[in-house]
Amino acid sequence: MGYRSIDTAQSYFNEEEVGNAIAKSGIARDDIFLTTKVWIEHYGYGACKKSVEESLKKLKTDYIDLMLLHQPFGDAYGAWRALEEFYEKGILKAIGISNFYADRMVEFASFNRIKPMVNQVECHPLNQQIEAKKWNDKYGIQLEAWAPFGEGRGTIRKGCRLCKRQRRREPGEGRAVAEDRN
């Protein structure tokens with residue numbers, strides 16, 4: 001089946017390459033979950049609208065499954081109003097925030113017409129975001145992890161019991177570690 005969830009961002013400067021790869025893949029667009037993020041230099045109502053349209057063009061799609069505001073800085077409220085409009089038109093299937101600490105997440109949930117559906121934060125075994133998860137749950141916002149394996153830092157693999165078990169496997173054995181929850 002391959003990798004069907006793609007997370008990119010304007011600040012990664014690869015939306016066009018991602019769009020080209022999706023187009024060349026032969027995989028139906030509705031079989032891919034596509035996330036991208038608006039960068040802070042594109043915050044404010046008008047700038048955000050333009051940047052979403054540019055992302056759609058670069059990604060060669062007429063909709064985005066999840067659009068996030070990448071950081072809690074600048075005119076995030078103006079940008080959010082633009083995302084709300086795209087969401088109401090069905091161009092953005094879900095809208096959310098990224099890297100928002102609990103206090104800013106609560107503000108966004110409380111003072112916007114449409115509350116964020118997702119808060120994407122760094123979350124992995126060494127940074128579990130337990131308090132953030134409580135606040136997200138309280139406001140009905142799904143916490144989504146970025147760097148769920150610690151961005152490939154060796155400290156995760158060295159300290160993780162599941163990973164230690166995986167390293168003992170023979171090269172030909174299956175590679176999934178999620179099966180072992182003991």
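Reader: Which residues touch the most other members of the largest nonpolar core?
Author: In this predicted model, the largest nonpolar core has 30 residues. Helices and strands that each supply at least two residues of this core include α1 (15–25), β2 (33–38), α2 (45–59), β3, α3, β4 and α4. Within the core, the residues that touch the most other members are V38, V52, L69, L83 and L92.

Reader: Which element gives the most to this core?
Author: In soluble globular proteins, nonpolar side chains tend to be buried together. Here at least two residues of the core come from each of several elements, among them α1, β2 and α2. The element that gives the most, with 6 residues, is α3.

Reader: What does L92 touch, not counting residues up to four places away in sequence?
Author: L92 is one of the residues that touch the most other members of the largest nonpolar core. When residues up to four places away in sequence are not counted, L92 touches V52, I64, M67, L83, F86 and Y87.

Reader: How many helices and strands are there in the protein, and in what order do the elements run?
Author: The protein holds 7 helices and 6 strands. Read from the N terminus on, these elements run β-α-β-α-β-α-β-α-β-α-β-α-α.

Reader: Which strands stand at the edges of the open sheet?
Author: The open sheet has 6 strands in the order β1-β2-β3-β4-β5-β6, with parallel pairing. The strands with a single partner each have one side left without a neighbour in the sheet, so they stand at its edges, and they are β1 (5–7) and β6 (142–146).

Reader: What does the twist of this sheet average from one strand to the next?
Author: Strands of a sheet pair through backbone hydrogen bonds, either parallel or antiparallel. In this open sheet of 6 strands the pairing is parallel. From one strand to the next, the twist averages 25°.

Reader: Over how many bridges do β2 and β3 pair?
Author: On one side of β2, 3 bridges join β1 to β2 in a parallel run, and L34 in β2 is the bridge partner of I6. Toward β3, K37 stands opposite L68. The parallel pairing of β2 and β3 extends over 4 bridges.

Reader: How many of the residues of β2 are buried?
Author: Strand β2 has partners in both β1 and β3. The strand is largely enclosed by the rest of the structure, because the number of its 6 residues that are buried is 5.

Reader: Which residue in β5 does I97 stand opposite?
Author: Strands β4 and β5 pair in the parallel sense over 3 bridges. Strand β5 is mostly covered, with 4 of its 5 residues buried. In β5, the residue that stands opposite I97 is N119.

Reader: Which residues of helix α4 are buried, and why do they line one face of the helix?
Author: An α-helix has 3.6 residues a turn, so residues three or four places apart point the same way. In helix α4 (residues 102–111), the buried residues are M105, V106, F108 and A109. Seen down the axis of α4, these buried residues line one face because they fall within an arc of 160°.

Reader: Which residues are exposed on the other side of α4?
Author: The buried residues of α4 are covered by elements including β3 (66–69), α3 (76–88), β4 (95–98), β5 (118–122) and α5 (130–138). On the other side of the helix, the exposed residues are D103 and F111.

Reader: What makes the pair of F100 and F108 edge-to-face?
Author: The whole structure holds 4 aromatic pairs. In the pair of F100 and F108, the ring centres are 5.1 Å apart, and the pair is edge-to-face because the planes stand at 75°.

Reader: Which residues form one aromatic cluster with F100 and F108?
Author: F100 counts as buried because its relative accessibility is 2%, and F108 also counts as buried, at 0%. The residues that form one aromatic cluster with F100 and F108 are Y77 and W80.

Reader: Is N136 buried or exposed, and with which residues is it in contact?
Author: N136 is found in helix α5. Its relative accessibility is 1%, so N136 counts as buried. Leaving aside neighbours within four places in sequence, N136 is in contact with M105, N119, I141, Q142 and L143.

Definitions and conventions
Residues are numbered from 1 along each chain as its sequence is written. This is a predicted model: local features need pLDDT of at least 70, side-chain atom pairs count only at pLDDT 80 or more; totals for chains, interfaces and linings use all residues. Side-chain values use heavy atoms; hydrogens and water are left out. Buried means under 20% relative accessible area, exposed over 50%, partly exposed in between (1.4 Å probe, protein chains only). The arc is that of the directions from the helix axis to the C-beta atoms. Contact means heavy atoms within 4.5 Å. A nonpolar core is a set of buried Ala, Val, Leu, Ile, Met, Phe, Trp, Tyr and Cys residues joined through side-chain atoms within 4.5 Å. Two strands pair if DSSP finds at least two bridges between them. Axes are lines fitted to C-alpha atoms, for helices over the stretch in contact, and angles run from 0 to 180 degrees between N-to-C directions. Rings of Phe, Tyr and Trp (its six-membered ring) pair if their centres lie within 6.5 Å; planes under 30 degrees apart count as stacked, over 60 as edge-to-face and the rest as tilted.
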